[in-house]
Amino acid sequence: MSSRRLIAIFAVLGAVLLAGCTGGLSDIGSDPTAPEDTQATTTTTATGSVAPAGELSVHLLNVGQGSSTLVIGPEGETILIDTGDWTDDGEDVIAYLEARGVTRIDHLVTSHPDADHIGGHAAVIEHFETNGDGVGAVYDPGIASSSATYESYLDAIESHDVTLYRAQAGDSIRMSEVDARILAPPEGYLANEDRNENSLVVHLQFGASSFLLTGDGETASEEYLVETYGDSLDSTVLAVGHHGSQSSTSDAFLDAVSPQAAVVSSAYDSQYGHPHEAVLSRLATRSIPTYWTATHGTVQFTSNGSAVTVATQQDAPTTASKLRTGEPITPGSGGSVTDRYVIHADSSGTAPITEPDETPTDPTTTTSTETSERAGLELVDINADADGDDGENLNGEYVTFEKTGTASLNLSGWELADTAGHSYTIPEGNVLEAGDRITIYTGSGTDTETELYWGQSTPVWNNNGDTVILRDDTGTIVIEETY
């Protein structure tokens with residue numbers, strides 16, 4: 001019944017394809033048929049690169065075991081992708097939008113019809129059509145559901161005569177300065193029309209920065225994306241698929257996307273075990289800073305086209321393997337976000353935002369040098385400038401530590417990091433005796449008792465100066481040395 005009703009709505013409102021073209025991301029460009037005021041206005045920098053005007057902000061809301069993402073363009077246009085779980089009925093999403101002065105949803109995107117993604121659709125449409133400036137259009141993959149939540153969503157569309165589009169790969173959403181493309185699902189759908197696998201996947205390009213928002217896409221969706229777009233999927237920020245389920249965020253997919261940051265949206269005590277440890281392991285292996293709405297709260301990314309500032313409600317670990325050590329934050333809790341990191345969209349890394357004069361030095365605080373001496377460990381060699389091309393000679397880049405004193409030292413679970421957000425966790429079973437040395441190479445290889453391999457695909461240590469940070473298994477900084 002829902003399927004027939006959805007087809008009827010499309011027939012009445014017009015199941016039209018949006019301006020866009022099929023093919024790889026390299027084909028993306030401004031729509032020549034768009035009105036002049038929706039075309040991108042850009043400026044050229046001294047280096048010849050094109051810089052967009054204004055800022056793009058992408059907010060991944062803390063809605064518990066659900067998903068909702070707000071996109072605000074440089075000229076105030078809005079895209080709202082999903083509205084959280086049905087149990088909340090859109091209340092937290094509406095409150096968040098109102099707190100930020102949003103009075104209109106220009107584009108409401110239904111990633112797929114599951115109740116933890118469209119739970120607030122009916123309420124959002126009702127609210128903005130009756131108390132705000134309306135909803136411009138709704139974008140739906142065209143696969144129906146028999147749930148009451150889905151029926152309420154269709155009721156709201158019909159009641160307020162909101163335009164509904166069936167969207168698919170190759171379509172685009174018009175937003176000034178922003179290239180917003182739908183990458184999946186393809187025509188004909190995937191995996192026998194499985195709802196998760198046919199989530200609308202949205203890619204946003206703003207200057208050199210980009211965001212890949214994958215809905216609940218899993219194995220079939222990711223395989224389609226990799227096969228269709230390949231390395232063109234490369235994105236600054238990845239919204240991890242299906243709340244971090246084991247069947248998402250594969251090695252091949254991460255290699256193609258190569259994100260500089262990732263975000264998981266799920267409940268702290270998710271009944272499904274989201275995010276799965278296998279996913280966190282894959283993210284940690286690649287040293288991808290990872291944010292979790294359950295511990296960081298709402299995560300906001302603000303891009304000027306060349307750099308992306310990351311702000312969160314609550315400070316929490318970003319090493320994927322340590323996400324669960326953060327304190328939970330109540331879904332829908334209000335409060336402002338605080339800037340934490342800056343991501344350079346040219347892939348040069350992530351740097352923490354610090355206020356050096358904000359916290360006075362406590363003379364009773366143990367320094368990293370004192371901690372290092374007590375642990376009996378020294379950083380004896382930093383080789384940041386490998387012979388030849390650093391990118392091709394990754395194992396020519398390394399750091400070496402030496403155990404001093406007389407006692408042994410267990411390095412299992414210790415973390416090596418730099419100031420750009422790269423981190424490596426030393427595997428279990430690495431114990432140094434007095435006089436032993438251990439070298440950690442940037443590239444790949446087979447670990448031995450004296451040599452470990454980070455497994456990075458790009459250089460870590462900046463040839464022009466960086467900081468080597470070594471933390472023990474409690475998170476205490478043991479060595480912090482700038483060269």
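Helices (H or I, at least four residues) and strands (E, at least two) are DSSP runs, numbered from the N terminus. The exercises concern a predicted model, in which local features need pLDDT of at least 70, side-chain atom pairs count only at pLDDT 80 or more, and totals for chains, interfaces and linings use all residues. Residues are numbered from 1 along each chain as its sequence is written, and side-chain values use heavy atoms, with hydrogens and water left out.

**Exercise 1.** State how many helices and strands the chain has, and what share of its residues is buried.

*Solution.* Begin with the secondary structure, which comes to 10 helices and 29 strands. Then turn to burial (under 20% relative accessible area, with a 1.4 Å probe and protein chains only), and find that 53% of the 483 residues count as buried.

**Exercise 2.** Find the buried residues of helix α6 and name elements that cover them.

*Solution.* Locate α6 at residues 219–229, where the buried residues are Ala 220, Ser 221, Glu 222, Tyr 224, Leu 225 and Tyr 229. Next, look at what covers these buried residues, which includes β10 (178–184), β11 (201–206) and α7 (251–257). Finally, step just past the helix to Gly 230, which takes a positive phi of about 55°.

**Exercise 3.** Describe the open sheet that contains β28 and β29.

*Solution.* Write down the order of its 4 strands, β24-β23-β28-β29, with antiparallel pairing, where two strands pair if DSSP finds at least two bridges between them. The edge strands, each pairing on one side only, are β24 (423–425) and β29 (477–482). Then follow β28 (residues 467–471), which 5 bridges join to β29; the bridge partner of Val 468 in β29 is Glu 481.

Notes:
Buried means under 20% relative accessible area, exposed over 50%, partly exposed in between (1.4 Å probe, protein chains only). Contact means heavy atoms within 4.5 Å.
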